[in-house]
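Reader: I would like to go through the contact between two chains, step by step. Please keep to what can be computed from the atoms.

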There are 2 protein chains.
Amino acid sequence: MAECEELVLKFKRHGYKMTPQRRAILEALILSTPEHPTAEQIHEAVLQRMPDTSLATVYNTLRELVAVHEVHELDLGQGVRRYEIVQHEHAHLVCINCQCVRDLSADFSKLRDLLRQHNGFHPVRYDVIVYGYCDECLESGRVEAWGAGRG
Amino acid sequence: MAECEELVLKFKRHGYKMTPQRRAILEALILSTPEHPTAEQIHEAVLQRMPDTSLATVYNTLRELVAVHEVHELDLGQGVRRYEIVQHEHAHLVCINCQCVRDLSADFSKLRDLLRQHNGFHPVRYDVIVYGYCDECLESGRVEAWGAGRG
DNA sequence: CTCACTGCAAACTATTTGCATCGTA
DNA sequence: TACGATGCAAATAGTTTGCAGTGAG
């Protein structure tokens, strides 16, 4: 897995030591990035290879990866943070029924233009989240009151 | 405050009883919406008029307001939820230094178009967050390493 | 007069931290 | 070998919940 070695090198380049736990965390992260895993989910994946790894180590490593801008921490309004390897610009589609998360390629040029005009704020990062229902939920009838909208 | 009576009526219309605590919460929410207050901040404001109001009541009322779509709950990646009265479509500008939050009027038509093409997801709500630095922070020199970006 | 709402305190959940031990560079 | 990384358990912070008493409709 070339992608993994790349990430390992980047990590070392920042002065961090490479341990088996950290390598397992990086691998789990790469393999599960499309699912936008939580720290817990990464921990579960890591446990299969390194049964004694603690959740605290996962959190610590993730914090370091975020600090060196190799990983994005996502707050998608679910009360849990999710993580993804830094990649091309995209929006997140969050299903408010099954909580799954998908990517949607999109460029934020219009938003950037708007901010360029609107003096007074200096953007660093964009987070575009769309809440709604995924097809799987709608088709399987798991969403009851879809369309009614009464609380 | 006409806006407040309107909200009170909407709230009653959903079958909820109106209590002095709830009225104070609605008023605090209307007055402080531009600041995108947290539950704590709303609680503090409410305490000035109703000194015995509990934080739990604030949370409960906010949950109900969110359920009937009168209020939006915002998760801006700060570890706290913020609240705002539902209003016109806009993006949020979040200062990663002082944590202040501003609105930016913007329409999400391009994003909607993109989603219409991209079958497989049924949008309900859009959340556009821009993280960066506000002018106040940059001008006052409160941001040290601005531009360097080294962790 | 009833049942939804309240305050309080305890529970919960996600995340962080302190500390003694371990292992990479 | 030295010092950063680890596991564990305890601490923290935001939010939710259970319960007995209160008050809006």
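The questions below concern the interface of chain B and chain A in a predicted model.

Reader: How many residues does the contact take from chain B, and what area is buried between chain B and chain A?

Author: Chain B gives 42 residues to the contact, and chain A gives 42 residues. Carbon and sulfur atoms give 62% of the buried area. That area is about 3400 Å².

Reader: Which three residues supply more of the area that chain B buries against chain A than any other three?

Author: Together these residues supply 18% of the area on the side of chain B. They are B:Phe121, B:His122 and B:Tyr131.

Reader: Which element gives the largest share of the side of chain B that touches chain A?

Author: Several elements of chain B supply at least two residues each, among them strand S3 (90-95), strand S4 (101-105) and helix H5 (109-117). The largest share is 14 residues, and it comes from S5(B).

Reader: How many bridges join strand S5 of chain A to S5(B)?

Author: Strand S5 of chain A covers residues 121-134 and runs antiparallel to S5(B). Within this pairing, A:Arg125 stands opposite B:Tyr131. The number of bridges joining the two strands is 13.

Reader: How far apart are the closest N and O atoms in the salt bridge of B:Lys110 with A:Asp107?

Author: The rule finds 2 salt bridges across the interface. A salt bridge requires the nitrogen and the carboxyl oxygen to lie within 4 Å. For B:Lys110 and A:Asp107 the closest N and O atoms are apart by 3.4 Å.

Technical notes
Residues numbered from 1 in each chain as written. Chains lettered and ligands numbered in written order. Predicted model: local features only at pLDDT ≥ 70, side-chain atom pairs only at ≥ 80, totals over all residues. Heavy atoms only, no water. Contact = heavy atoms within 4.5 Å. Buried area = accessible area lost by both parts, 1.4 Å probe. Salt bridge = Lys/Arg side-chain N within 4 Å of Asp/Glu carboxyl O. Helix = DSSP H or I, 4+ residues; strand = E, 2+ residues; numbered from the N terminus. Pairing = 2+ DSSP bridges.
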